[in-house]
Amino acid sequence: MDIDENDTQSLLGTRDEEYPVLERQPSYYNPLKTFTLAKGNQKHYQQQYGDMYFMRLAKIKPTVEALAHEEWKEFEVAGEKVRRVDRVLDVRQGELSWVAGTVYMDMPLKPNILDDISKDHWISAPPPREKYLSPTGEDQIMLEDESGRLRLVGTPLQLTMLVTGCIVAVMGTENANGDFDVVDLKVPDLPHQPQRWERDDASAAIPNGTGSKKRKSDSGPTRPEGGKIAIVSGLGISGDQGDTLTLDLLMEYLLGEACAPSEQSSVSKISRLIIAGNSISEGTLLATREDEKKASKKYGYDSTAYNPAPTARLDDFLATLLPSMPITLLPGETDPANVSLPQQPIHTAMFPRSRNYSAQPGSVEPGWFDSVTNPWEGDVDGWRILANCGQPIDDVFKYVEGDERLEMMEQLLRWRCGAPTAPDTLWCYPFQEKDPFVVEECPHVFFVGNQPSYDTTVIEGPAAQTVRLICVPKFRETGEIVLLDTDTLEPEIVKFYVYEGQQS
């Protein structure tokens, strides 16, 4: 068969045909070390946890008192003007007053370490509770400071979400039972929000954090068009064959290998991947003492007690992506990191292939592969981002009715505390000099990983702050990742689905 050399409809392209070369959108990345703990002998656990609440109260109380004073300074009832009292125990019966303090939820169903120690005859520990709420109405809301506690009652408490550890100001009067009947309640609300690019270049800061780009006629460097940030959580890698196909689809999509040429241009705008915890699936149950005796050990090491497959699979996944795009990795509840918050970065020794892309010891600049803390905050493309892997929200969920995750996230910011229930029912490090969970600057984006489903909204503050809230679902259960546009802060969902055939 003869083929005409001039035939342009041949299946084989001509040699001089040119294909567009796509380059990955650059990522401007400036992380903060807010939640990094001291190392070695400088980290101590002898101190008392109660000091955290006093530090939190001392930090946030002036703000909520100023807000309450501005709101209630002209308030009066039946000719009686409201007055401020310094301590909760200074409240007097029948006098209209307001006071600020720390909320404490007295809930019988909350875990109590003293009860756990005393019940040492249990055959097995009871399963964790889904909610701490008492079905018989025995829960009590207290307001405390350095002087003591005061029980709160009243209708506003039923309309406001409250958990242990948040700082509020309440107005009302003490009744005959010695309880404080609340008339109104104030929370600190959103703090100051930095301008976009403020940390990177103050002259290029965009007022009010808007998405508009700097004009070429302005002084200072010109910022390029923004890209997209891919956010995924709950990869749940177990090392078996069950999670290989979906994970490979995600990897090929991010590399642009599973897309049509028209889609590859959009994928090339993804400038960074953020993995928000639970990359490794939960471990198996510990072996019993009888099993430990039967297991053969060599040099004191039982090879059956450790499965390296999940970590090796995660390392392969990261090492395949890293030549193409930078990755920020947060540890989660099931990952090989400390359990108490703030979780410190997963050691790069766990990733023999990927660690070549991490920063050298002592380096100030972050590496292409950045293993960070949980919670974490930093600037990506000029936007301040605050993130955690779900533990604070999951713990707040146990205190309140319903399952409105976005409302819980909003309240964390309005309380100005990223983990209010720590250290009461959420394990954390006993800080002495500063509580890093206090939100001192309002982020532009706040996302939480490992949530039941995807959801998003935008909230506003009293000083024109705007925050994009995002619930990031578990990838292993939903097959969904979030793409955040760094120009508009509009998120979108990309779903990966593996067809399993018709069910008989």
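Colleague: Which residue follows helix 9 with a positive phi?

Modeller: Helices here are DSSP runs (H or I, at least four residues), numbered from the N terminus. The phi of the residue that follows helix 9 is near 60 degrees. That residue is Arg416.

Colleague: What kind of model is this, and how are residues numbered?

Modeller: Side-chain values use heavy atoms, without hydrogens and water, and local features need pLDDT of at least 70, side-chain atom pairs 80 or more, while totals for chains, interfaces and linings use all residues. The model is predicted, and residues are numbered along each chain as its sequence is written, from 1.

Colleague: How many residues of helix 9 are buried?

Modeller: Buried means under 20% relative accessible area, exposed over 50%, and partly exposed in between (1.4 Å probe, protein chains only). Helix 9 spans residues 405-415 and is mostly covered. Among its buried residues are Arg405, Gln411, Arg414 and Trp415.

Colleague: How many contacts beyond four places in sequence does the model have for residues 284-289?

Modeller: pLDDT is the predictor's confidence in each residue, from 0 to 100, and its mean over the protein is 86. It stays under 50 over residues 208-220, which have 23 such contacts. Residues 284-289 also stay under 50, and their number of contacts is 1.

Methods: Helix = DSSP H or I, 4+ residues; strand = E, 2+ residues; numbered from the N terminus. Contact = heavy atoms within 4.5 Å.
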